[in-house]
Amino acid sequence: MKRTRTPGISRRSTLALMGAGAMTFAAPWVARAQAKTIKIGMPTILSGRVAQLGTSSRNAVMLEVEKVNAAGGLAGRQIEMVIRDSKGQPQEAARVARELVNTDGCELLLDGEASSGSFAVHEVARDLGVLCIHTCSEASSLTADPKQHIPNAFRCVRQGIHDSIVGGSYAAGIAKAKGLKKWATCSPDYAYGRDTTGEFTLYLKRFAPDVEIISESWPKLFQPDYTEVVTKILQAKPQALYSCLWGGDLTSYIDQANIYAMFNQMEVFAVNMADYTALTVVKNLPKGIHSGNRYIKTFPTTPENAAWGDAYRAKYNEYPTNWSWQNATAVMFLAEAAKKANSADGKKIAEVLKGLTIKCPFGADGTVTMRGDDHTLVGYAIGWGTTIPQEPYVPEVKAGDWKTIFELEAEWKKSKGYT
Amino acid sequence: MDLDALAGCLSSSACLVTQTTSGLIIGMLLFLVAVGLTLIFGVLKVVNFSHGAFYMFGAYFAMTAYQLTGSFALAMLVGAAGTAILGLIFERVFMSRVYGADVLMQLLVCYAFVLIFDDVVRIIWGPEFKSMGMPSAFQVMPLFIAGGVVPPYYLLLIGVALVAAIVLGIGLSRSRIGKVIRAAAHNPGMVSALGINTGLIYGGVFALGGMLAGLAGALAAPVRSLTPGMGFSVLIESFIVTVIGGMGSILGALIGALLLGLIRSFGSLGFPLFTEGLMYLFMVIVLVSKPTGLFGREAA
């Protein structure tokens with residue numbers, strides 16, 4: 001018997017339409033992939049005490065995104081940044097990150113949060129499966145701890161453990177040369193301050209076993225007055241002082257310690273001093289403070305780095321910060337990975353990012369690498385030097401040796417049970 | 001806990017001098033902020049939660065004046081006078097509308113202005129932290145008194161705060177204006193019935209409180225970094241001072257601030273991990289033993 005078609009939509013067509021509809025609603029990224037622009041979400045700190053760092057992160061991202069868009073975009077798709085203020089609160093950072101993906105349709109995330117917020121955003125990335133590059137958190141455990149590992153998250157930031165190894169080694173050299181055996185520490189009383197100080201003294205003692213810590217001070221974060229801390233250190237009479245105070249806390253501390261002539265009485269090692277945010281603000285910067293490089297345009301001493309620092313300053317009328325170069329590098333990684341993957345798809349970019357080496361103005365040898373096994377940045381310029389009160393502020397930086405960093409980092413990971 | 005360090009310090013004249021002056025510095029700056037807070041509460045019966053903003057404005061005004069003129073004295077003057085004017089305007093335009101209102105309403109108005117003032121500072125001076133820098137006259141080696149270290153700038157700071165305390169104490173107890181202010185605090189209706197403009201008194205007291213906080217900010221500007229919101233941490237400690245000393249008591253603010261300064265100074269040696277806690281513990285002990293504070297009076 002011959003079957004005749006009835007007018008209207010057939011059952012097969014209806015099922016096909018329903019299937020297509022379901023696909024569209026259940027997997028919105030399929031539809032989004034067709035969009036011409038690609039939205040990249042970025043929660044960062046745009047208000048409060050450290051707003052300057054968040055603003056400098058945003059500036060650096062926009063500087064690089066303009067270049068990428070001018071060169072044709074991310075695999076042919078123009079980037080549209082959606083940048084939101086988290087106020088530095090972890091719960092707000094998580095909420096904003098989720099909203100950026102679910103409501104604003106962002107397909108990738110740049111996480112411009114400090115450590116506390118980054119762990120919260122990391123969980124959002126774990127939940128949503130969206131590609132996320134952390135651009136500001138230096139907490140080593142974020143990528144070193146295998147429990148934190150997810151295939152879609154990367155960290156394009158210097159690491160506390162790297163700084164501590166290089167700082168400890170540098171400080172031990174000076175301790176031996178000058179006979180500095182009695183040390184004091186003064187760092188902010190929260191996770192970053194405690195961890196970084198602990199790791200620094202660990203490597204200081206490893207390279208200079210005679211060193212003894214005779215005094216510890218833990219002022220609270222954003223404390224306005226350090227007088228009692230300064231006088232306590234003076235009473236202990238150490239030969240050297242280590243501090244990882246940063247930003248306005250560090251400048252307050254220097255101003256207050258200066259009038260006690262503290263810098264004449266001991267060698268001072270302040271890992272966060274060599275950042276323009278602090279260098280340009282302190283009016284009476286003492287000569288000879290030892291510091292790790294954060295961002296200065298004279299290290300690495302390459303025309304590319306100097307040109308990048310000048311371009312940033314020309315555009316925003318201020319110097320970049322440590323957070324700036326990290327965010328800029330993240331965009332450089334995204335652009336290169338998308339080019340290699342020939343796609344702006346997060347999963348494809350993530351695959352390419354693993355172990356990717358790119359040319360970069362901030363690389364120790366002109367390149368930086370996104371290490372494949374723990375998804376973290378290595379090969380960036382890292383070193384210590386001493387300050388002078390005017391530009392270039394840190395005229396000579398002694399570069400850290402990445403071979404030593406890798407060896408000691410591997411040992412440290414083992415001691416922590418990470419490997 | 002490091003009681004050996006504390007005992008060692010107490011038996012050394014050098015350490016005693018250094019730590020005592022350290023305590024005095026912390027205490028006197030705190031006093032200048034707290035006394036304004038307690039004065040406003042004593043007369044206006046308003047807990048001014050936006051008081052820290054005047055400390056912040058004082059610091060920013062002083063920094064700007066110093067950058068423009070290079071004169072430290074003028075910077076102090078501008079810091080104090082600028083916040084006095086700001087205090088007067090703030091009281092006349094906004095706070096005067098919530099006298100007698102629910103405490104929650106007063107709290108909300110003050111808190112709103114904490115946020116507004118912070119944003120105003122951010123718009124005018126930028127979100128980044130700033131430093132005024134130490135005037136060259138004070139960029140000298142510290143003095144050594146009995147082996148202890150005392151920076152000359154801090155001697156000036158203690159001196160200015162002491163003069164402010166004495167002038168305020170004598171002015172309120174001996175002068176006619178002081179008597180009127182105290183009368184207004186006790187019975188504003190009667191003062192008004194005598195033909196005295198209580199609004200003017202209220203505005204004046206608020207301006208005075210703002211000026212003292214502004215002076216503290218101006219004095220602190222050479223040694224503390226300036227950021228939007230910098231008044232908040234000072235405000236918390238000022239509240240502790242006023243609670244310890246007794247709300248409304250100027251002598252209480254002075255004693256409370258000095259005690260707090262000394263607790264921080266010597267506590268950092270003996271109890272390095274519990275210095276903050278010591279302040280609160282002391283406050284709790286005072287509140288339990290004398291709920292109105294050391295010099296506070298029972299409500300009539």
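Helices and strands here are DSSP runs, numbered from the N terminus. I kept that in mind when placing A:A75, which lies in the loop between α3 (51–70) and β2 (79–85) of chain A. The model I am looking at is predicted.

**Entry 1: A:A75 and A:N317**

I looked up backbone angles. Phi of A:A75 is near 50°, a positive value although the residue is not glycine. I checked the accessibility of A:A75 and got a relative accessible area of 36%, so I put it down as partly exposed. A:N317 also has a positive phi without being glycine, in this case near 60°. I found A:N317 in the loop between α13 and α14 (322–341) of chain A. Its relative accessibility is 69%, so A:N317 goes down as exposed.

**Entry 2: cis peptide bonds**

I noted a cis peptide bond from A:F299 to A:P300, with omega near 0°. A:P300 sits in the loop between β11 (290–295) and α13 (303–316) of chain A. Another cis bond runs from A:E391 to A:P392, where omega is near 10°. I placed A:P392 in the loop between β15 (383–386) and β16 (397–399) of chain A.

**Entry 3: A:M42**

Is A:M42 buried or exposed? I read 0% relative accessibility, and the cut-off for buried is under 20%, so A:M42 counts as buried. The residue belongs to strand β1 (residues 38–44) of chain A. I then listed its contacts, leaving aside neighbours within four places in sequence; among them are A:S57, A:R58, A:V61, A:M81, A:V82, A:I83 and A:N327. I also took the C-alpha separation between A:M42 and A:L108, which are 66 residues apart along the chain, and got 8.7 Å.

**Entry 4: chain A as a whole**

I counted 16 helices and 16 strands in chain A. The radius of gyration is 24 Å, close to the 22 Å from the globule rule for 419 residues, so chain A is as compact as a globular protein of that length. Along the principal axes, the C-alpha atoms fill a box of roughly 105 × 45 × 40 Å. Of the 419 residues in chain A, 58% are buried. I looked at contacts between residues at least 6 apart in sequence, and 65% of these join residues at least 24 apart. Chain A exposes about 17000 Å², with 54% of that supplied by carbon and sulfur atoms. I noted 48 positive and 42 negative side chains in chain A, the centres of the two sets lying 7 Å apart.

**Entry 5: confidence in chain B**

I read a mean pLDDT of 91 for chain B, with 99% of its residues at 70 or more. Within chain B, confidence is lowest in helix α1 (residues 3–10), at a mean of 84, and highest in helix α3 (residues 51–69), at 97.

Technical notes:
Residues numbered from 1 in each chain as written. Chains lettered and ligands numbered in written order. Predicted model: local features only at pLDDT ≥ 70, side-chain atom pairs only at ≥ 80, totals over all residues. Heavy atoms only, no water. Helix = DSSP H or I, 4+ residues; strand = E, 2+ residues; numbered from the N terminus. Rg over C-alpha atoms; globule rule 2.2 N^0.38 Å. Buried < 20%, exposed > 50% of the residue type's maximum accessible area, 1.4 Å probe, protein only. Contact = heavy atoms within 4.5 Å. Areas by Shrake-Rupley, 256 points an atom, 1.4 Å probe, with all protein chains shown as cover. Lys, Arg positive; Asp, Glu negative; His and termini not counted. Charge placed at Lys NZ, Arg CZ, Asp CG, Glu CD. pLDDT = per-residue confidence, 0-100.
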